[in-house]
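Work through the exercises below with the sequence and the 3D structure open. Try each task before reading its solution.

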Amino acid sequence: MTLSAITPVLDVRPLTVRTGAQVHGVRLSGDLPDSTVAAIRAALLKHKVLFFRGQSHLDEASHEAFTTRLGPLQGHPARAALQGTQATLNLDSRDTRSSTWHADLTFLNAFPALSVLRGVEIPELGGDTLWTNTASAYAHLPEVFKGFVDQLWAVHSNVYDSSALVPAGSATSAAFHAQLSKKAVIETEHPLVHVHPETGERALLLGHFIKRLVGFNSADSARLLAILHDHATAHENIVRWRWQQGDVAIWDNRATLHKAVDDYNDAQRVVRRVTVSGTFATAIDGRTSVTRSSDDSAGAA
């Protein structure tokens, strides 16, 4: 029996040709029928990011209950969950602003498969989030270049220079990353191109947690990564979401990068994220991610 034969038809409206769709007429909860959850997963695999307006009924418990329907929850290795929750991460602009392209927690060997983000306090203007489709980015690489990048591996680390990535970042943000760096150092080698475990698509595995390409000096690594990053974040691959309070975004962390736009000055922005655990990345030759280090005496971010 095919998936389409057992799942209901959702009102899914694409927002761009390559990335993102808005789902209408669904009230998210932990009590959704299995068929609706399956339909949401199918739409997510197709569009990479799904958006749901008008979900203000969700609180931390029901947010987690819904996310659990998508898979086992995964906590953050260096940050405590919001008090009273199992795995909800509170992202408050007064602490830090993640305004660089990344996929969540890729310094882990098995990084999250999915993330579910809920808008709690949204600025009147600004604070949009961008997502880019890294499967589409790979598909649109020149064929001769695919043969090269298919062979590359990169070291992802939870220790990185946030001030270098965001030179205008606040002192508060710098202090936030500094206190996180007292935790364990975690480094993992991932293939730069990995095979999506559900769709079989090939996708680029990039983002600010990459420290360097394996086998290249730092200068050549930086140049190659810049070329791939620019290609992955081309406008054709991107969807931009203007948040309203109560919105929910779900994204496939294995086939996207995302960044929040830091353009809302001193306004407060609070969003809360729950992630679903994933698996190792698998290269096209079948090799899987390898953990390089986990040192309890040093930094995390």
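## Exercise 1: Strand β16

In β16, Leu89 has Arg273 as its bridge partner. The model is predicted.

**Task.** Find which strands pair with β16 and in which sense they run.

**Solution.** 

Step 1. Start from Leu89, which faces Arg273. Strand β5 (residues 89-92) pairs with β16 over 4 bridges, in the antiparallel sense.

Step 2. Look at strand β4 (residues 73-74). It is joined to β16 by 2 bridges, and these two strands run antiparallel. Gln74 stands opposite Thr275 of β16.

Step 3. Look at strand β6 (residues 114-121). Arg118 has Arg272 of β16 as its bridge partner.

**Task.** Decide whether the residues of β16 are buried or exposed, and state what holds on each face.

**Solution.** 

Step 1. A residue is called buried when its relative accessible area is under 20%. By that cut-off, 7 of the 7 residues of β16 are buried.

Step 2. In a regular strand, side chains alternate between the two faces of the sheet.

Step 3. Sort the residues by face. One side of β16 carries Val270, Arg272, Val274 and Val276, while the other carries Val271, Arg273 and Thr275. Both faces are covered, and every residue named is buried.

## Exercise 2: Ser289

**Task.** Locate Ser289 in the chain and say which partners its side chain has in polar contacts.

**Solution.** 

Step 1. Find the place in the chain. Ser289 belongs to the loop between β16 (270-276) and β17 (290-295).

Step 2. Check the accessibility. The relative accessible area of Ser289 is 6%, and the cut-off for buried is under 20%, so Ser289 counts as buried.

Step 3. Look at the side chain. The side chains of Ser289 and His190 are joined by a polar contact of 2.6 Å. A polar atom of the Ser289 side chain also lies 3.0 Å from the backbone nitrogen of Ala281.

Step 4. List the surroundings. With neighbours within four places in sequence set aside, Ser289 is in contact with Asn109, Trp153, Thr188, Glu189, His190, Pro191, Phe280 and Ala281.

## Exercise 3: An open sheet and Trp241

**Task.** Give the strand order of the open sheet of 3 strands and explain why one side of β13 and of β15 is left without a neighbour in the sheet.

**Solution.** 

Step 1. Write the order. The sheet runs β13-β7-β15, with antiparallel pairing.

Step 2. Identify the edges. β13 (238-241) and β15 (256-260) each have a single partner strand, so one side of each has no neighbour in the sheet.

Step 3. Note the twist. From one strand to the next, it averages 20°.

Step 4. Inspect one pair. Strand β7 (residues 129-133) and β15 are joined by 5 bridges and run antiparallel. Within this pair, Leu130 has Lys259 of β15 as its bridge partner.

**Task.** Describe the setting of Trp241 in strand β13.

**Solution.** 

Step 1. Trp241 has a relative accessibility of 4% and so counts as buried.

Step 2. Compare sequence and space. Trp241 and Thr129 are 112 residues apart along the chain, yet their C-alpha atoms are separated by 5.5 Å.

Step 3. Leave out neighbours within four places in sequence. The contacts of Trp241 are then Leu15, Gln22, Phe51, Arg53, Asp128, Thr129, Trp131 and Asp247. With Asp247 there is a polar contact between the side chains, at 3.1 Å.

## Exercise 4: The cores and the whole chain

**Task.** Name the residues that touch the most other members of the largest nonpolar core.

**Solution.** 

Step 1. This core has 23 residues, and those touching the most other members are Leu141, Val149, Leu192, Leu204, Leu206, Leu213 and Leu228.

Step 2. Trace the sources. Two or more residues each come from α4 (134-139), α5 (143-149), β12 (210-213) and α8 (218-232). The largest share, 4 residues, is from α8.

Step 3. A separate core has 22 residues, including Leu32, Val37, Leu50 and Ile250.

**Task.** Summarise the protein chain: how many helices and strands does it have?

**Solution.** 

Step 1. There are 8 helices and 17 strands.

Step 2. Of the 301 residues, 53% are buried.

Step 3. Take contacts between residues at least 6 apart in sequence: 86% of them join residues at least 24 apart.

Step 4. The chain exposes about 13400 Å², of which carbon and sulfur atoms supply 52%.

Technical notes. Residues numbered from 1 in each chain as written. Predicted model: local features only at pLDDT ≥ 70, side-chain atom pairs only at ≥ 80, totals over all residues. Heavy atoms only, no water. Buried < 20%, exposed > 50% of the residue type's maximum accessible area, 1.4 Å probe, protein only. Polar contact = N/O pair within 3.5 Å; in protein donor to acceptor, adjacent residues only side chain to side chain. Contact = heavy atoms within 4.5 Å. Areas by Shrake-Rupley, 256 points an atom, 1.4 Å probe, with all protein chains shown as cover. Pairing = 2+ DSSP bridges. Axes fitted to C-alpha atoms, helices over the stretch in contact; angles between N-to-C directions. Core = buried A, V, L, I, M, F, W, Y, C linked by side-chain atoms within 4.5 Å.
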